[in-house]
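Please keep the sequence and the structure in view while reading.

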Amino acid sequence: MKIHHIAIICSNYEVSKKFYTEVLGLNILREVYREERQSYKLDLAIGEHYVIELFSFPNPPTRPSRPESCGLRHLAFSVDSVVDKRNELMSKGLDCEAIRIDEFTDKKFFFTSDPDDLPLEFYEK
C-alpha cells in the first residue's frame with residue numbers, strides 16, 4: 001500500500017493555484033471546473049508523481065492550525081537541501097520558520113504555511 005494523493009480545500013482558488021504551482025513548483029496534471037458543485041479540481045504533481053488534489057468550494061469553513069487540533073497536522077516535502085529550499089521560498093516572499101534539527105534523525109527541516117495557513121514542512125533527504 002502507498003498514499004495515492006492528498007486533498008486540500010482552499011478558500012481562494014486562484015491564490016492557492018498560484019502558490020502550489022508558481023511558489024512551490026508543482027506541475028498541473030489536470031484542471032476541471034465542476035459546475036454542479038461550483039468547484040475547481042486541480043490535480044498537482046511533483047515531477048510526474050501525482051500528489052495533491054486542490055479543491056475550491058463556495059465558503060468553506062476555516063481550518064484550525066493553531067493551536068494544533070485533531071486530524072491532519074501538516075504536509076511534509078522531502079528536499080535535497082533545506083537551506084536552498086528555504087532561501088528559494090523566502091526570495092518568493094514566503095515567511096519561513098528557522099531551520100531546526102530533528103533530534104531523532106539529525107536531519108534539517110523547517111516549516112512554512114500555504115495561503116490558508118496549512119502548515120508545510122520541508123525535510124532534508
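## Asp 102 and its surroundings

Leaving aside neighbours within four places in sequence, Asp 102 is in contact with Lys 107, Phe 109 and Tyr 123. The model is a predicted one, and every value given here should be read with that in mind. Asp 102 itself belongs to the loop that runs between strand E6 (100-101) and strand E7 (108-113). Although Asp 102 and Tyr 123 are 21 residues apart along the chain, their C-alpha atoms are separated by 9.2 Å.

Is Asp 102 buried or exposed? Its relative accessibility is 19%, and because buried means under 20%, Asp 102 counts as buried. The side chain of Asp 102 also reaches the backbone nitrogen of Phe 104, at a distance of 2.7 Å.

## The sheet that holds E6 and E7

Strands E5, E8, E7 and E6 form, in the order E5-E8-E7-E6, an open sheet of four strands with mixed pairing. Strand E5 (75-79) and E6 are the edge strands of this sheet, each pairing on one side only. E7 is largely enclosed by the rest of the structure, because five of its six residues are buried.

E6 and E7 pair in the antiparallel sense over two bridges, and Arg 100 stands opposite Phe 109 in E7. The hairpin of these two strands has six residues between them, and within this hairpin Asp 106 takes a positive phi near 60°.

On the E8 side, five bridges join E7 to strand E8 (residues 119-124), and these two strands also run antiparallel. The bridge partner of Phe 109 in E8 is Tyr 123, so that Phe 109 and Tyr 123, both of them contacts of Asp 102, are also paired across the two strands, because they are bridge partners. Further along, Phe 111 stands opposite Glu 121 in E8. The hairpin of E7 and E8 has five residues between the strands, and in this hairpin Asp 117 takes a positive phi near 70°.

Helix H2 (residues 82-91) lies across E5, E7 and E8, and runs at about 20° to E7.

## The sheet of E1 to E4

Another open sheet is formed by four strands in the order E1-E4-E3-E2, again with mixed pairing. Strand E1 (6-10) and strand E2 (27-34) stand at its edges, and because each has a single partner strand, one side of each is left without a neighbour in the sheet. Neighbouring strands of this sheet are turned against each other by 20° on average, with direction ignored.

Within this sheet, strand E3 (residues 39-46) and strand E4 (residues 49-56) run antiparallel and are joined by six bridges; the bridge partner of Leu 42 in E4 is Leu 54. Helix H1 (residues 13-23) packs on the sheet and touches E1, E2, E3 and E4, while its direction makes about 165° with that of E4.

## Aromatic pairs

How many aromatic pairs does a search of the whole structure find? The search finds eight aromatic pairs. One of these, formed by Phe 19 and Tyr 20, is edge-to-face, with 5.1 Å from centre to centre and 85° between the planes. Both Phe 19 and Tyr 20 are buried.

A stacked pair is formed by Phe 110 and Phe 122, with 5.2 Å from centre to centre and 15° between the planes. This pair links distant parts of the chain, since Phe 110 lies in strand E7 and Phe 122 in strand E8, 12 residues apart. Both Phe 110 and Phe 122 are buried.

## Cysteines

How many disulfides does the model contain? With a disulfide taken as a pair of cysteine sulfur atoms within 2.5 Å, the count comes to zero.

Key: Residues are numbered from 1 along each chain as its sequence is written. This is a predicted model: local features need pLDDT of at least 70, side-chain atom pairs count only at pLDDT 80 or more; totals for chains, interfaces and linings use all residues. Side-chain values use heavy atoms; hydrogens and water are left out. Buried means under 20% relative accessible area, exposed over 50%, partly exposed in between (1.4 Å probe, protein chains only). Contact means heavy atoms within 4.5 Å. A polar contact is a pair of N or O atoms within 3.5 Å; within protein, one must be able to donate a hydrogen and the other to accept it, and residues adjacent in sequence count only if both atoms are side-chain atoms. Axes are lines fitted to C-alpha atoms, for helices over the stretch in contact, and angles run from 0 to 180 degrees between N-to-C directions. Rings of Phe, Tyr and Trp (its six-membered ring) pair if their centres lie within 6.5 Å; planes under 30 degrees apart count as stacked, over 60 as edge-to-face and the rest as tilted.
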